[in-house]
Amino acid sequence: MTAVPPTPALSHDAPAAGGVPGAPAAPAAGPFPLAERLERHLGDPAGTAGPFTYADAVRLDEESLFPAAICADLDEFGLARHYVPAEHGGDLARYDEALQMTRAVARRDLTVAIGHGKTYLGAVSVWVSGDAAQAAALGATIISGVPVSWGLTERDHGSDLLAGEMTATATEDGYRVTGEKWLINNATRGQVLCALVRTRPEGGARGFSLLLIDKSTLPEGTVTCLPKVATLGIRGADISGLRLAGAPVPSGALVGREGGGIETVLKGLQLTRTLCAALSLGAADHALRLAAGFADDRHLYGRRLADLPYAAHTLGELLADHLLGEALALVAARSIHTLTGEMTALSACVKYLVPTLTETLVARARKLLGARSLLLDLGVGGRFEKLERDNRIVSLFDGNTVVNLHALINQFPGLARAWRDGPQAPLEAPPEGLRVACDLSAPLPRFEPGRLSLVTRRGLSVLRALPHAAHELDTLARATPALRPVADLAARFTAAADVVHAAMARQEQSRMDVPPGAYELAGRFTLCVAGAAAVALWLGNRETWTEGLWRDGAWLHAALTRAMDGLGEPVPGDEPPFPELAGWLLEQARTGRPVSLVPGEAVPS
């Protein structure tokens with residue numbers, strides 16, 4: 001198979017404004033041209049032609065078959081080039097664009113997005129800690145169409161990476177590796193495995209290293225592919241494992257320094273946890289389109305289901321949850337470039353909250369669909385039933401919800417202190433890195449992996465800037481009274497965030513005996529981050545997009561209301577515009593336009 005040549009540099013000029021409430025956004029070039037190019041290439045999944053249809057996805061799922069033809073088409077398109085950083089020979093220059101490209105695949109089929117996209121996860125350790133020659137060689141391998149897998153977990157240890165038993169014993173020219181990695185995506189299909197191995201018998205934080213193992217070079221009898229594991233969701237994915245028995249691996253396979261494996265993994269997870277949001281956003285997009293289409297076509301008591309107040313309110317709330325998660329994911333993906341040292345906390349927020357919001361969204365959409373969600377027809381039921389099963393696995397990738405909440409709990413003291421000691425004066429402007437992260441028309445600087453940190457030393461800029469953002473909204477509302485409800489809501493949200501941080505400061509620290517309430521508090525903290533990201537994103541793009549959901553802060557009002565609901569805070573005042581959001585969603589579904597904060601061209605449904 002052949003890869004397309006590198007894509008020429010594309011302009012980051014600001015896109016034009018969208019349409020009016022209840023109508024599709026005006027056709028315009030969006031800020032993610034590569035994702036729109038991929039959407040056009042993938043075509044209409046509801047049709048019968050082409051390599052990527054809903055019918056094919058459901059059929060392959062029923063037979064538990066890997067979507068090989070679809071993945072081959074993505075290779076021909078050149079998607080794998082976007083898993084390789086530009087400095088290593090690929091086309092990955094913007095992590096927000098990578099997020100959107102994976103999302104385009106995920107909204108059609110999560111199995112394909114996971115099966116194909118896992119190559120980036122397998123390679124991320126090399127992008128973080130590998131030397132230039134190693135990274136260039138791996139980049140060329142990936143671009144040629146070779147899948148890569150990431151061997152972290154083991155059968156008896158799960159997320160406890162420090163308990164790993166795969167060992168690498170030093171030899172004169174490298175290592176001999178023995179042990180098993182299990183529940184590994186692409187373990188059988190992947191030719192290259194990046195494995196976390198024990199290089200010191202006593203283990204510990206400095207007792208593990210990463211080896212880039214090419215299975216095709218191993219002597220016969222030293223590597224065994226374990227059987228595919230039957231899974232409830234993503235049935236066609238290659239979820240299996242590998243067993244190595246004295247496999248000889250050259251010294252050049254070491255990624256980074258010996259003993260630095262855990263640190264590299266923790267830094268790589270900051271990137272992969274953020275990009276995992278693309279899977280959830282794609283699943284939510286698909287579920288919303290199914291729910292909206294059903295509500296538009298279904299008639300009850302002489303009226304469309306969509307015209308019944310409860311249904312319209314539900315659709316509006318579901319969309320608001322989706323947009324809240326999207327705002328957080330977009331700001332986080334751009335912060336990889338501009339606020340790199342904050343990603344250890346920000347990525348954990350994304351990986352916990354966005355899949356959690358989407359799981360709730362899908363469950364509520366099922367209730368709206370009723371019995372139709374269980375009927376195995378391609379119009380609704382077959383697609384929805386597969387989507388719901390597939391989506392459940394996303395929260396388990398790259399650290400499950402408990403792991404990510406625990407990562408935040410460990411940082412409570414520093415995060416609370418940063419809020420208390422941060423720039424709380426309303427007139428103090430936010431840092432430049434946050435401004436660029438929240439302005440989708442602003443060019444992004446090159447990502448520097450050396451700036452990744454295991455500790456967020458000064459808290460999260462998006463939270464520290466929240467008082468300033470609320471003050472700015474209040475100022476705008478004085479000139480534009482229609483903004484008053486959202487400005488008042490932002491002020492109340494800032495006060496609610498203060499309550500959460502005060503509780504974090506009081507939380508006693510214990511690495512092992514963490515009280516259940518700490519996890520609930522960490523979940524509330526992620527809502528604070530998401531709401532702050534939504535405010536900052538609206539302010540950063542309010543002059544670029546002035547119509548549709550952006551007019552008068554409609555989507556922000558709805559998203560902040562949902563965040564306040566999650567915090568258990570009352571929201572007095574004007575009724576949130578959930579019915580208006582429902583009307584917008586229905587029109588987007590009819591016309592094939594993005595179910596997204598970001599205006600863009602029509603895409604097939």
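Helices (H or I, at least four residues) and strands (E, at least two) are DSSP runs, numbered from the N terminus. This is a predicted model, in which local features need pLDDT of at least 70, side-chain atom pairs count only at pLDDT 80 or more, and totals for chains, interfaces and linings use all residues. Residues are numbered from 1 along each chain as its sequence is written, and side-chain values use heavy atoms, with hydrogens and water left out.

**Figure 1. Asp-75 in helix H3.** Asp-75 is part of helix H3, residues 68–77. The residue is buried and has no salt bridge. Buried means under 20% relative accessible area, exposed over 50%, and partly exposed in between (1.4 Å probe, protein chains only). A salt bridge puts a side-chain nitrogen of Lys or Arg within 4 Å of a carboxyl oxygen of Asp or Glu. For charge, Lys and Arg count as positive and Asp and Glu as negative; His and the chain ends are not counted. The side chain of Asp-75 does make a polar contact with that of His-116, at 2.8 Å. A polar contact is a pair of N or O atoms within 3.5 Å; within protein, one must be able to donate a hydrogen and the other to accept it, and residues adjacent in sequence count only if both atoms are side-chain atoms.

**Figure 2. Ser-461 in helix H15.** Helix H15 covers residues 461–464 and includes Ser-461. Ser-461 counts as buried because its relative accessibility is 7%. Its side chain makes a polar contact with the side chain of Glu-342, at 2.5 Å. Setting aside neighbours within four places in sequence, Ser-461 is in contact (heavy atoms within 4.5 Å) with Leu-339, Glu-342, Pro-431 and Leu-434.

**Figure 3. Helix H12 and its packing.** Helix H12 spans residues 401–409. Its buried residues include Leu-405, His-406 and Leu-408. The buried residues of H12 pack against helices H7 (261–275), H10 (343–369), H13 (412–421) and H18 (516–541). At the start of H12, a side-chain oxygen of Asn-400 comes to within 3.1 Å of the backbone nitrogen of Val-402.

**Figure 4. Helix H1 and the glycine after it.** In helix H1 (residues 33–42), Leu-34, Ala-35, Glu-36, Leu-38, Glu-39 and Leu-42 are buried. The buried residues of H1 pack against H3 and H4. Just after H1, Gly-43 has a positive phi of about 75°.

**Figure 5. Ala-98 in helix H4.** Ala-98 sits in helix H4, residues 95–106. With a relative accessible area of 10%, Ala-98 is buried. Beyond its neighbours within four places in sequence, Ala-98 is in contact with Leu-92 and Leu-275.

**Figure 6. Salt bridges in two helices.** The structure holds 40 salt bridges. One joins Arg-484 and Asp-488, at 3.0 Å from N to O. These two residues are 4 apart in helix H17 (residues 484–506), so about one helical turn separates them. Arg-484 is partly exposed, at 25% relative accessible area. Asp-488 is also partly exposed, at 32%. Another salt bridge joins Glu-587 and Arg-590, whose closest N and O atoms are 2.6 Å apart. Both lie in helix H20 (residues 578–591), 3 residues apart, about one turn of the helix. Glu-587 is buried at 18% relative accessible area, whereas Arg-590 is partly exposed at 44%.
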